[in-house]
Amino acid sequence: MLTIDIETARRFILGKQGLWPGRRWRGLKGTDQAMGTMEYLQLDPLQIIARSQDIALHSRVLEYKPDMWEHVTYKERKFFDWGGWLAVRPMNELPHWRVIMRRERDGDYGDSRIRRMAHEHADAIAEMRIILRERGIVSNRDFEMATRTRTQSYRGRKDSALALYYMWRTGEVMTHHRDHFERLYALTESVAPAHLLRESSEDEADRFLVKKEVSFSGLSRISRTPDAYHGRGEPDRAAKKMLEAMLADGDLIEVQVEGWKQVHYALGSDTKLLSDLGATRIPEAWTPLETTTTEEAVFLAPLDYVIARGRAKILFDFDYVWEVYKPGHQRKFGYYTLPILWGDRLVARFDSKLDRKANTFVILGFWLEDEALGKNDEFAEALARGFARFVNFLGAEKMDAKVIGEPLRPRGGATP
């Protein structure tokens, strides 16, 4: 068993996710590389300042522009979106995921509501099949409410919406593209490359699920919580059968992080990487193209894996809850608060909005974890660089940072 300290664990997880020690990808090609490295790019429709997936890629990719992920996904067909836990996944993994889709359809496991859709809306599903063959591409918006059977489902108010969603979850259709985040469907064979329209073996799919989840987590307990693997299959189910074999084969290793009670698992191929990081050696492949996260602060998306669902507290001792769905009076910080990564630590957070009418990025609130950091000139400069790049990413003309006290208010070219 390998034993590491919390700093090594933190740098390993940040680095595996492409967030440390600085941006190592650029532009459209870099977006493709980053998405593959991240394993999953979780999607969210909310666009307060920018969508979470775009902020996540901005924090990893130089010169990233909103919706570049859509280009490599839907135009280049290198990725596809799927799952109750909605995320983009590499297209070359499709044979493994088709096993999961089939298991959901057959009721082997997964969301029982999906199986109910098949029974309750069989006629609508059959109708959508015919329409898709005729039209090629279909959106739920194509069907007027007056012509459809009304439903009360969490996935839509029309039977057409549920039929299309069911066919998407079970692999019969895929997302052809999106229009203002609205999904447009097409039959799978018209979207995916023909050589990927097959299923892996059961064992291949199960082993893939475990390795995928461990790679995504960096360090994983491979144990299921109510929401941990929703829409990603059930790696714990496979792990119970395969864990000993995968440890014996060297596919996985056991890792004990000092201060953590439970043993975690990492990919066997990451053994040297963990040892190097423990000896403060940074892999050459992680070399930033421009600034490091010490030279330029990075703002993390609210759904970024390294901070979501309590991980910010475990890794950084930083309490973070995305408060967007909380009533205003219950919010401690703000509606769309983003944590600030400086070096390998989370040191502050800010709430903001994009005033589109005035084309101004507005800071609504700013909070330091340690007030003494407010006198640190290096952090002030790193913050200014981070805000300058962020304003440019948003396409804003200026920035209103009145709530940030001196000397932290961006200066020296911090706004374009």
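Biologist: Let's start with the second largest pocket: which elements each supply at least two residues of its lining?

Modeller: Keep in mind that this is a predicted model. The pocket holds about 170 Å³ of space, and 16 residues line it, with Q47, R51, D54, P66 and D67 the closest to its centre. The elements that each supply at least two lining residues are β10 (173-179) and α13 (377-394).

Biologist: How many charged residues does that lining have?

Modeller: Among the residues closest to the pocket centre are R51, D54 and D67, and Asp and Arg count as charged. Over the whole lining there are 7 nonpolar and 2 polar residues, and the charged ones number 7.

Biologist: D67 has turned up there; what is its phi?

Modeller: D67 sits in the loop between β4 (61-62) and α4 (68-75). Most residues other than glycine have a negative phi. D67 is not a glycine, yet its phi is positive, at about 80°.

Biologist: And the backbone at P21: is the peptide bond from W20 cis or trans?

Modeller: P21 lies in the loop between α1 (6-16) and β2 (25-26). Most peptide bonds are trans. From W20 to P21, though, omega is near 5°, and the bond is cis.

Biologist: On to the helices: is α6 roughly perpendicular or oblique to α8?

Modeller: The axes of α6 (residues 112-120) and α8 (residues 159-169) come within 10 Å and cross at roughly 125°. Roughly perpendicular takes 65 to 115 degrees and roughly antiparallel needs over 145, so an angle between those two classes falls to the rest. That makes α6, relative to α8, oblique.

Biologist: What is the handedness of that crossing, and which residues make the contact?

Modeller: α6 passes α8 in a left-handed crossing. The contact residues divide into 6 nonpolar, no polar and 1 charged. They are I114, M117 and A118 of α6 with L162, Y165, Y166 and R169 of α8.

Biologist: What about α7 against α8: oblique or roughly perpendicular?

Modeller: Helix α7 (residues 122-135) packs on α8 with the axes 9 Å apart. From α7 the contact uses A124, I125, M128, R129 and L132, and from α8 it uses D159, S160, A163, L164, Y166 and M167; these divide into 8 nonpolar, 1 polar and 2 charged. The angle is about 75°. That puts α7, relative to α8, as roughly perpendicular.

Biologist: Last pair, α1 and α11: is the crossing left-handed or right-handed?

Modeller: The axes of α1 and α11 (residues 271-278) come within 9 Å and cross at roughly 125°, and the two helices are therefore oblique to each other. In the contact, T8, R11, F12 and K16 of α1 meet L273, L274, L277 and G278 of α11. By class that is 4 nonpolar, 2 polar and 2 charged. As for the crossing, it is right-handed.

Conventions: Residues are numbered from 1 along each chain as its sequence is written. This is a predicted model: local features need pLDDT of at least 70, side-chain atom pairs count only at pLDDT 80 or more; totals for chains, interfaces and linings use all residues. Side-chain values use heavy atoms; hydrogens and water are left out. On a 1 Å grid over the protein atoms alone, a cavity is a set of points where a 1.4 Å probe fits but cannot get out, and a pocket is an open set with protein on both sides within 12 Å along at least five of seven lines; lining residues have an atom within 4 Å of a point. Grid points are joined across faces, edges and corners, and a volume is the space filled by probe spheres set on the points. Helices (H or I, at least four residues) and strands (E, at least two) are DSSP runs, numbered from the N terminus. Axes are lines fitted to C-alpha atoms, for helices over the stretch in contact, and angles run from 0 to 180 degrees between N-to-C directions. Angles under 35 degrees count as roughly parallel, over 145 as roughly antiparallel, 65 to 115 as roughly perpendicular and the rest as oblique. A crossing is left-handed if the near helix is turned anticlockwise from the far one by less than a right angle, and right-handed if clockwise. Contact means heavy atoms within 4.5 Å.
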